[in-house]
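Reader: I have a sequence and a model on screen. Show me how to read them, one feature at a time.

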Amino acid sequence: MGKLDGKVAIVTGGARGMGQTTAEVFVQEGASVVIVDVLDVEGEALAKRLGRNTMYQHLDVTDEQGWEQLVEGIIDRYGCIDILVNNAAVFFSSPIDETRSEAFRRILDINLIGPYLGMKAVIPTMKKNRRGSIINVSSVNGLRGSSGSGAYSASKWGVRGLTKCVAMEVGPFGIRVNSLHPGWIVTPMNNPDGKSFEEVNAELKIKFPGIALSRVGQSEEIARASLFLASDDSSYISGAELAVDGAWSCGVYLQDKPMP
(Lines give C-alpha, C1' and ligand atoms only; values in the text may rest on other atoms or scores of the structure.)
Protein backbone atom coordinates (compact mmCIF):
# COMPACT_ATOMS: atom_id res chain seq x y z
CA MET A 1 0.00 0.00 0.00
CA GLY A 2 1.14 3.53 -0.76
CA LYS A 3 1.29 6.35 1.75
CA LEU A 4 -1.22 8.37 -0.30
CA ASP A 5 -3.64 5.67 -1.42
CA GLY A 6 -6.99 7.19 -2.34
CA LYS A 7 -5.82 10.78 -1.88
CA VAL A 8 -6.29 13.56 -4.44
CA ALA A 9 -3.44 16.06 -4.78
CA ILE A 10 -2.78 19.31 -6.63
CA VAL A 11 0.83 20.16 -7.44
CA THR A 12 1.45 23.64 -8.87
CA GLY A 13 4.51 24.20 -11.01
CA GLY A 14 4.23 20.46 -11.56
CA ALA A 15 5.46 20.22 -15.14
CA ARG A 16 9.17 20.18 -14.33
CA GLY A 17 11.75 20.42 -11.55
CA MET A 18 10.71 19.81 -7.95
CA GLY A 19 7.03 19.86 -8.91
CA GLN A 20 7.49 17.17 -11.54
CA THR A 21 9.34 14.89 -9.15
CA THR A 22 6.74 15.52 -6.44
CA ALA A 23 3.96 14.53 -8.84
CA GLU A 24 5.86 11.36 -9.78
CA VAL A 25 6.42 10.36 -6.15
CA PHE A 26 2.80 11.08 -5.20
CA VAL A 27 1.53 8.89 -8.04
CA GLN A 28 3.92 6.11 -6.99
CA GLU A 29 2.44 6.35 -3.50
CA GLY A 30 -1.13 5.93 -4.72
CA ALA A 31 -2.45 9.48 -5.15
CA SER A 32 -4.46 10.89 -8.02
CA VAL A 33 -2.50 13.98 -9.03
CA VAL A 34 -3.56 17.14 -10.83
CA ILE A 35 -0.49 18.77 -12.36
CA VAL A 36 -0.91 22.54 -12.61
CA ASP A 37 1.40 24.72 -14.68
CA VAL A 38 1.64 27.09 -17.63
CA LEU A 39 4.09 24.80 -19.45
CA ASP A 40 1.47 22.92 -21.45
CA VAL A 41 3.72 20.70 -23.57
CA GLU A 42 5.73 19.46 -20.59
CA GLY A 43 2.68 19.15 -18.34
CA GLU A 44 0.58 17.19 -20.80
CA ALA A 45 3.47 14.86 -21.60
CA LEU A 46 4.08 14.20 -17.90
CA ALA A 47 0.41 13.49 -17.20
CA LYS A 48 0.29 11.06 -20.13
CA ARG A 49 3.42 9.29 -18.91
CA LEU A 50 2.19 8.96 -15.33
CA GLY A 51 -1.08 7.35 -16.39
CA ARG A 52 -4.81 7.54 -15.89
CA ASN A 53 -4.68 8.75 -12.27
CA THR A 54 -3.00 11.94 -13.43
CA MET A 55 -4.35 14.97 -15.27
CA TYR A 56 -2.82 18.25 -16.41
CA GLN A 57 -4.49 21.63 -16.06
CA HIS A 58 -3.19 24.92 -17.43
CA LEU A 59 -3.36 27.59 -14.73
CA ASP A 60 -1.70 30.88 -13.99
CA VAL A 61 -1.55 30.70 -10.19
CA THR A 62 -2.28 34.43 -9.93
CA ASP A 63 -5.70 33.92 -11.58
CA GLU A 64 -8.33 33.73 -8.82
CA GLN A 65 -11.16 32.73 -11.15
CA GLY A 66 -8.93 30.08 -12.68
CA TRP A 67 -8.33 28.60 -9.23
CA GLU A 68 -12.06 28.47 -8.56
CA GLN A 69 -12.70 26.69 -11.85
CA LEU A 70 -9.84 24.27 -11.22
CA VAL A 71 -11.17 23.27 -7.81
CA GLU A 72 -14.71 22.90 -9.14
CA GLY A 73 -13.50 20.63 -11.93
CA ILE A 74 -11.43 18.45 -9.59
CA ILE A 75 -14.34 17.99 -7.19
CA ASP A 76 -16.61 17.06 -10.11
CA ARG A 77 -14.08 14.45 -11.24
CA TYR A 78 -12.68 13.09 -7.98
CA GLY A 79 -15.12 14.24 -5.29
CA CYS A 80 -12.51 15.81 -3.00
CA ILE A 81 -9.13 17.47 -2.64
CA ASP A 82 -6.84 16.11 0.07
CA ILE A 83 -3.46 17.72 -0.68
CA LEU A 84 -2.27 21.00 -2.13
CA VAL A 85 1.40 21.58 -2.89
CA ASN A 86 2.00 25.26 -3.67
CA ASN A 87 5.27 24.82 -5.54
CA ALA A 88 5.05 27.23 -8.49
CA ALA A 89 7.59 30.05 -8.20
CA VAL A 90 9.97 32.29 -10.10
CA PHE A 91 13.36 33.68 -9.11
CA PHE A 92 14.86 37.09 -9.72
CA SER A 93 18.14 38.49 -8.45
CA SER A 94 18.97 42.19 -8.32
CA PRO A 95 20.12 44.78 -5.78
CA ILE A 96 17.05 46.48 -4.36
CA ASP A 97 17.96 49.92 -5.73
CA GLU A 98 18.16 48.39 -9.21
CA THR A 99 14.96 46.37 -8.95
CA ARG A 100 12.05 47.72 -10.96
CA SER A 101 8.75 47.79 -9.11
CA GLU A 102 7.10 45.69 -11.82
CA ALA A 103 9.67 42.92 -11.30
CA PHE A 104 9.19 43.06 -7.53
CA ARG A 105 5.41 42.81 -7.90
CA ARG A 106 5.69 39.89 -10.33
CA ILE A 107 7.73 37.92 -7.82
CA LEU A 108 5.18 38.60 -5.07
CA ASP A 109 2.25 37.81 -7.36
CA ILE A 110 3.51 34.36 -8.33
CA ASN A 111 5.40 33.32 -5.21
CA LEU A 112 3.07 34.70 -2.51
CA ILE A 113 -0.30 35.64 -4.01
CA GLY A 114 -0.34 32.32 -5.86
CA PRO A 115 -0.19 30.21 -2.66
CA TYR A 116 -2.75 32.51 -1.00
CA LEU A 117 -5.20 31.98 -3.87
CA GLY A 118 -4.54 28.25 -3.89
CA MET A 119 -5.28 27.92 -0.19
CA LYS A 120 -8.32 30.15 -0.45
CA ALA A 121 -9.70 27.94 -3.22
CA VAL A 122 -9.16 24.51 -1.61
CA ILE A 123 -9.85 25.23 2.05
CA PRO A 124 -13.68 25.28 1.79
CA THR A 125 -13.81 21.71 0.44
CA MET A 126 -11.14 20.58 2.94
CA LYS A 127 -13.20 22.12 5.75
CA LYS A 128 -16.27 20.27 4.53
CA ASN A 129 -14.37 16.97 4.59
CA ARG A 130 -12.53 17.93 7.80
CA ARG A 131 -9.18 16.84 6.48
CA GLY A 132 -6.36 18.05 4.29
CA SER A 133 -2.66 18.80 4.03
CA ILE A 134 -1.30 21.99 2.46
CA ILE A 135 2.40 22.25 1.70
CA ASN A 136 3.69 25.69 0.82
CA VAL A 137 7.11 25.54 -0.80
CA SER A 138 9.10 28.45 0.57
CA SER A 139 12.90 28.47 0.44
CA VAL A 140 16.05 28.63 2.53
CA ASN A 141 15.62 32.32 1.71
CA GLY A 142 12.45 32.26 3.75
CA LEU A 143 14.63 31.50 6.78
CA ARG A 144 17.43 33.98 6.15
CA GLY A 145 18.44 36.64 3.66
CA SER A 146 21.03 36.95 0.93
CA SER A 147 22.30 39.85 -1.11
CA GLY A 148 20.49 40.47 -4.36
CA SER A 149 17.42 38.43 -3.43
CA GLY A 150 15.25 41.09 -1.79
CA ALA A 151 12.14 40.44 -3.88
CA TYR A 152 12.51 36.64 -3.79
CA SER A 153 13.28 36.54 -0.06
CA ALA A 154 10.37 38.86 0.72
CA SER A 155 8.02 36.50 -1.11
CA LYS A 156 9.39 33.40 0.61
CA TRP A 157 9.34 34.96 4.09
CA GLY A 158 5.76 35.90 3.28
CA VAL A 159 4.94 32.28 2.43
CA ARG A 160 6.42 31.16 5.73
CA GLY A 161 4.39 33.68 7.76
CA LEU A 162 1.17 33.06 5.83
CA THR A 163 1.58 29.33 6.42
CA LYS A 164 1.62 29.79 10.19
CA CYS A 165 -1.43 32.06 10.18
CA VAL A 166 -3.50 29.72 8.03
CA ALA A 167 -2.42 26.70 10.10
CA MET A 168 -3.95 28.39 13.13
CA GLU A 169 -7.18 29.17 11.28
CA VAL A 170 -7.85 25.74 9.79
CA GLY A 171 -6.40 23.42 12.44
CA PRO A 172 -9.78 22.89 14.14
CA PHE A 173 -11.07 21.46 10.84
CA GLY A 174 -8.37 18.78 10.70
CA ILE A 175 -6.36 20.62 8.04
CA ARG A 176 -2.59 20.83 8.38
CA VAL A 177 -0.51 23.58 6.76
CA ASN A 178 3.29 23.52 6.69
CA SER A 179 6.08 25.24 4.80
CA LEU A 180 8.96 23.48 3.08
CA HIS A 181 12.29 25.26 2.70
CA PRO A 182 14.58 23.83 0.01
CA GLY A 183 18.20 24.85 -0.20
CA TRP A 184 20.04 24.86 -3.53
CA ILE A 185 18.30 22.15 -5.55
CA VAL A 186 19.34 21.23 -9.07
CA THR A 187 16.30 22.09 -11.21
CA PRO A 188 15.77 23.59 -14.69
CA MET A 189 15.09 26.97 -13.05
CA ASN A 190 18.61 27.29 -11.64
CA ASN A 191 20.31 24.94 -14.10
CA PRO A 192 19.05 26.19 -17.47
CA ASP A 193 22.06 24.75 -19.32
CA GLY A 194 21.11 21.23 -18.25
CA LYS A 195 24.43 20.39 -16.64
CA SER A 196 24.77 17.12 -14.78
CA PHE A 197 24.28 17.01 -11.02
CA GLU A 198 27.98 16.33 -10.60
CA GLU A 199 28.93 19.41 -12.65
CA VAL A 200 26.55 21.71 -10.78
CA ASN A 201 27.63 20.30 -7.44
CA ALA A 202 31.31 20.87 -8.21
CA GLU A 203 30.64 24.48 -9.22
CA LEU A 204 28.47 25.32 -6.25
CA LYS A 205 30.81 23.77 -3.71
CA ILE A 206 33.16 26.54 -4.77
CA LYS A 207 30.48 29.26 -4.92
CA PHE A 208 28.74 28.22 -1.66
CA PRO A 209 31.38 26.49 0.48
CA GLY A 210 29.46 27.04 3.73
CA ILE A 211 26.91 24.22 3.28
CA ALA A 212 27.68 21.71 6.01
CA LEU A 213 26.68 18.64 4.00
CA SER A 214 29.05 19.91 1.28
CA ARG A 215 26.69 19.30 -1.62
CA VAL A 216 23.60 20.65 -3.33
CA GLY A 217 20.26 18.86 -3.29
CA GLN A 218 18.15 16.91 -5.76
CA SER A 219 14.44 17.16 -6.58
CA GLU A 220 13.82 13.69 -5.18
CA GLU A 221 14.86 14.91 -1.72
CA ILE A 222 12.27 17.69 -1.83
CA ALA A 223 9.59 15.36 -3.17
CA ARG A 224 10.19 12.91 -0.32
CA ALA A 225 9.89 15.73 2.22
CA SER A 226 6.61 16.79 0.58
CA LEU A 227 5.43 13.17 0.76
CA PHE A 228 6.13 13.14 4.49
CA LEU A 229 4.13 16.32 5.04
CA ALA A 230 1.31 15.13 2.79
CA SER A 231 0.95 11.74 4.44
CA ASP A 232 -0.32 10.59 7.81
CA ASP A 233 3.30 10.16 8.90
CA SER A 234 3.13 13.86 9.82
CA SER A 235 -0.37 13.76 11.29
CA TYR A 236 0.50 15.97 14.30
CA ILE A 237 2.68 18.46 12.43
CA SER A 238 1.16 21.79 11.41
CA GLY A 239 2.39 25.36 11.24
CA ALA A 240 5.96 24.09 11.01
CA GLU A 241 8.81 24.86 8.65
CA LEU A 242 10.88 21.99 7.33
CA ALA A 243 14.30 22.95 5.99
CA VAL A 244 15.73 20.58 3.39
CA ASP A 245 18.96 22.45 2.79
CA GLY A 246 21.98 20.52 4.02
CA ALA A 247 22.05 22.69 7.19
CA TRP A 248 22.59 25.82 5.08
CA SER A 249 20.04 27.83 7.07
CA CYS A 250 21.75 26.94 10.34
CA GLY A 251 24.71 29.16 9.50
CA VAL A 252 27.95 28.99 7.59
CA TYR A 253 30.16 25.93 7.82
CA LEU A 254 33.64 27.33 8.51
CA GLN A 255 36.27 25.21 6.84
CA ASP A 256 39.76 24.64 8.16
CA LYS A 257 40.49 22.43 5.16
CA PRO A 258 38.95 21.86 1.70
CA MET A 259 35.65 20.02 1.54
CA PRO A 260 35.88 16.32 0.78
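## Reading the model, feature by feature

Author: Start in a loop. Serine 231 sits in the loop between α7 (219–230) and β9 (241–244). Keep in mind that this model is predicted.

Reader: Is serine 231 buried or exposed?

Author: Check the relative accessibility against a cut-off. Buried means under 20%. Serine 231 has 1% relative accessibility, so it counts as buried.

Reader: What does serine 231 touch?

Author: Leave aside neighbours within four places in sequence. Then serine 231 is in contact with Lys3, Leu4 and Arg176.

Reader: Now a strand residue. Where does serine 179 lie, and is it buried or exposed?

Author: Serine 179 lies in strand β6. Its relative accessible area is 1%, so serine 179 is buried. Not counting residues up to four places away in sequence, serine 179 touches Asn136, Arg160, Thr163, Ala240, Glu241 and Leu242.

Reader: And what about threonine 62?

Author: Threonine 62 lies in the loop between β3 (54–58) and α3. Threonine 62 has a relative accessible area of 30%, so it is partly exposed.

Reader: How far apart are threonine 62 and isoleucine 113, in sequence and in space?

Author: They are 51 residues apart in sequence. In space they are 6.4 Å apart, C-alpha to C-alpha. Threonine 62 also touches Asp109, Ile110 and Leu117, with residues up to four places away in sequence not counted.

Reader: On to helix pairs. How are two packed helices described?

Author: By the angle between their axes and the distance between the axes. Take α1 (residues 17–28) and α2 (residues 40–50). Their axes come within 11 Å and cross at roughly 20 degrees. Angles under 35 degrees count as roughly parallel. α1 and α2 are therefore roughly parallel to each other. The crossing of α1 and α2 is right-handed.

Reader: Which residues of α1 and α2 meet?

Author: From α1, Gln20, Ala23, Glu24 and Val27. From α2, Leu46, Arg49 and Leu50. By class, this contact has four nonpolar residues, one polar and two charged.

Reader: At what angle do α4 and α5 pack?

Author: At about 15 degrees. The axes of α4 and α5 (residues 150–170) are 8 Å apart. That angle makes α4 roughly parallel to α5. This crossing is right-handed. Several α4 residues take part, including Phe104, Leu108, Tyr116 and Met119. Among their α5 counterparts are Tyr152, Val159, Leu162 and Val166. The contact of α4 with α5 divides into 15 nonpolar, four polar and two charged residues.

Reader: And how do α3 and α4 cross?

Author: Their axes come within 9 Å and cross at roughly 35 degrees. The crossing of α3 and α4 is right-handed. On the α3 side, Glu64, Trp67, Val71 and Ile75 make the contact. On the α4 side, the residues include Gly114, Leu117, Lys120 and Val122. The classes are six nonpolar, three polar and two charged.

Reader: Last, the core. Which residues of the largest nonpolar core touch the most other members?

Author: Ile10, Trp67, Leu70, Val122, Ile134 and Val177, out of 31 residues in that core. Each of β1 (8–12), β2 (32–37), α3 (64–78), α4, α5 and β6 (175–182) supplies at least two residues. α4 gives the most to this core, with eight residues.

Reader: What does tryptophan 67 touch?

Author: Skip residues up to four places away in sequence. Tryptophan 67 then touches Thr12, Leu59, Val61, Leu84, Asn86, Gly114, Leu117, Gly118 and Ala121. There is also a second, separate core of 27 residues, which includes Ala31, Leu46, Ile135 and Leu180. Leu46 is also one of the α2 residues that meet α1.

How values were computed:
Residues numbered from 1 in each chain as written. Predicted model: local features only at pLDDT ≥ 70, side-chain atom pairs only at ≥ 80, totals over all residues. Heavy atoms only, no water. Axes fitted to C-alpha atoms, helices over the stretch in contact; angles between N-to-C directions. Helix = DSSP H or I, 4+ residues; strand = E, 2+ residues; numbered from the N terminus. Parallel < 35°, antiparallel > 145°, perpendicular 65-115°, else oblique. Left-handed = near helix turned anticlockwise from the far one by under 90°. Contact = heavy atoms within 4.5 Å. Nonpolar A, V, L, I, M, F, W, Y, C, P; charged D, E, K, R; others polar. Core = buried A, V, L, I, M, F, W, Y, C linked by side-chain atoms within 4.5 Å. Buried < 20%, exposed > 50% of the residue type's maximum accessible area, 1.4 Å probe, protein only.
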